[in-house]
Structure formats: structure tokens, C-alpha cells
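User: I am new to this structure. Please take a close look at its salt bridges and at the strands around them.

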Amino acid sequence: CDSGWAWKVGSNTCKGGLHIIDFIDPKRPKTAGCYEDDGYIHDCQCEIYHGQDARYFGHEICFCGCLGCSFPGGGSPGGFAILDVSDKKSVRRLSCTSYPHKFYPHQGWLSYDHAYFFFGDETDEENAGVRTRTLVWELGENLEAPSLAAKWANPLTTAVDHNMFYYRGALFQSN
């Protein structure tokens, strides 16, 4: 992120959660915060948010694949999590959303306008027998309640979807 912060995830610090590192002075990085509430977070994209939800416009928001977050009504933990990390000492989970055939919430990428988040589950192909797929989350005007807008499945493969990047209107993904 351009804000001077680094985000360490999936490590042996912060219970595998979000380890926030102050890189404002790159010669002297230091821990600025820790978010452990949802356990292991596999990957995040953190950005200064400029989407449609006016409540969080200008906030630093992380969009994460989270194995430990839980949701109202129960169900198995894990999913697509959105965190407000503007206050590094008091990170706030805005949402944790489940999805069909959830096994290993992995990684995704924001559209340029911050209206959508493209997301992949790393092991749904082998565990649920689904085609390589990308989930498209509509963020809309409420980061606290993203909705699953679309699922795209590759008709040619069941390869593991991995590491998506959105560039100039196209989504790239390694399989």
C-alpha cells in the first residue's frame, strides 16, 4: 500500500493473523499492531478505500482470505473478510462472508473502482470437485455486507486457482 504500512499474514506472529508493520521510516520498521481475532489470514489486499460506501471512504481497508472468521448464525469458520485497519491498534472487522464450497479462502484483487473484489478458494477444486472458479463480490454501498454477484468457472480445467491480479480491466490468475 502507498500509505507506509506493510501487512504480514500467515506467519508465526499474531496467531497467523494480520501483523501490521510501520514502514514509514523504511530503515527502522517496527510493529504497529496485530489483528488476531480471526486467526489465520492467508492473504490480504490493503488499500485506501475509494469505493461507494461513504462511511469508509478514505479509510485503509484490507480485503482478506480468512480461515478463522465466523459469521452470525454459525456455520464453519472462514471466508472473505473485510477489515478497517485505519487505527492500527484497534483493527475492526467490517464483515466476514461465507460462500458455497468453501475450503481454503485464499486471495483476491479489487477492481480499480473498488466496486468488486475477485476472490479464489485454493482447494475447492480438489475438495468439492468444482471447476477452477473465481468468485466476484459486489462491495456496493455497504462494506459490512458484500454480496456474491457472480461465480465464473473455467470449463476447461479443475486446476487450483491462485494469485489473481487485476490490471487494465483484465483479471490475471495463475493456475
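Analyst: What follows starts with the salt bridges, moves to the sheet beside them, and ends at a hairpin with a surface patch.

The model is predicted. How many salt bridges does a search of the whole structure find? The count is 6.

Start with Asp-53 and Arg-55. Their side chains meet in a salt bridge, with an N to O distance of 2.8 Å. Are these two residues buried or exposed? Asp-53 is buried, at 1% relative accessibility. Arg-55 is partly exposed, with a relative accessible area of 45%. The cut-off matters here: a residue counts as buried under 20% and as exposed over 50%, so a value of 45% falls in between.

Arg-55 has another partner. It forms a salt bridge with Glu-144, and here the closest N and O atoms are 3.4 Å apart. Glu-144 itself is partly exposed, at 31% relative accessibility.

These contacts belong to a network. Salt bridges link Asp-53, Arg-55, Arg-92 and Glu-144.

Now take the pair Lys-88 and Glu-60. They form a salt bridge, with the closest N and O atoms 2.9 Å apart. This pair links distant parts of the chain: Lys-88 is in the loop between S6 and S7, Glu-60 is in strand S5, and 28 residues separate them. The side chains of Glu-60 and Lys-88 are also joined by a polar contact of 2.9 Å. Both ends are covered. Lys-88 is buried, with a relative accessible area of 8%. Glu-60 is buried too, with a relative accessible area of 4%. Its strand, S5, spans residues 60-66.

Which strands form it, and in what order? The sheet is open and has 4 strands, ordered S4-S5-S6-S7. Their pairing is antiparallel. Strand S4 (41-48) and strand S7 (92-97) stand at the edges. Each has a single partner strand, so one side of each is left without a neighbour in the sheet. On average, neighbouring strands are turned by 20° against each other, direction ignored.

Look at one pairing within this sheet. Strand S6 (residues 79-84) is joined to S7 by 5 bridges, and the two run antiparallel. Phe-80 stands opposite Thr-97 in S7.

Last, turn to another pair of strands. S12 and strand S13 (residues 170-174) run antiparallel and are joined by 5 bridges. His-162 stands opposite Ser-174 in S13. S12 and S13 form a hairpin with 2 residues between the strands. In this hairpin, Arg-168 takes a positive phi near 50°.

Tyr-167 lies in strand S12 (residues 162-167). It is partly exposed, with a relative accessible area of 46%.

Notes. Residues numbered from 1 in each chain as written. Predicted model: local features only at pLDDT ≥ 70, side-chain atom pairs only at ≥ 80, totals over all residues. Heavy atoms only, no water. Pairing = 2+ DSSP bridges. Axes fitted to C-alpha atoms, helices over the stretch in contact; angles between N-to-C directions. Polar contact = N/O pair within 3.5 Å; in protein donor to acceptor, adjacent residues only side chain to side chain. Buried < 20%, exposed > 50% of the residue type's maximum accessible area, 1.4 Å probe, protein only. Salt bridge = Lys/Arg side-chain N within 4 Å of Asp/Glu carboxyl O.
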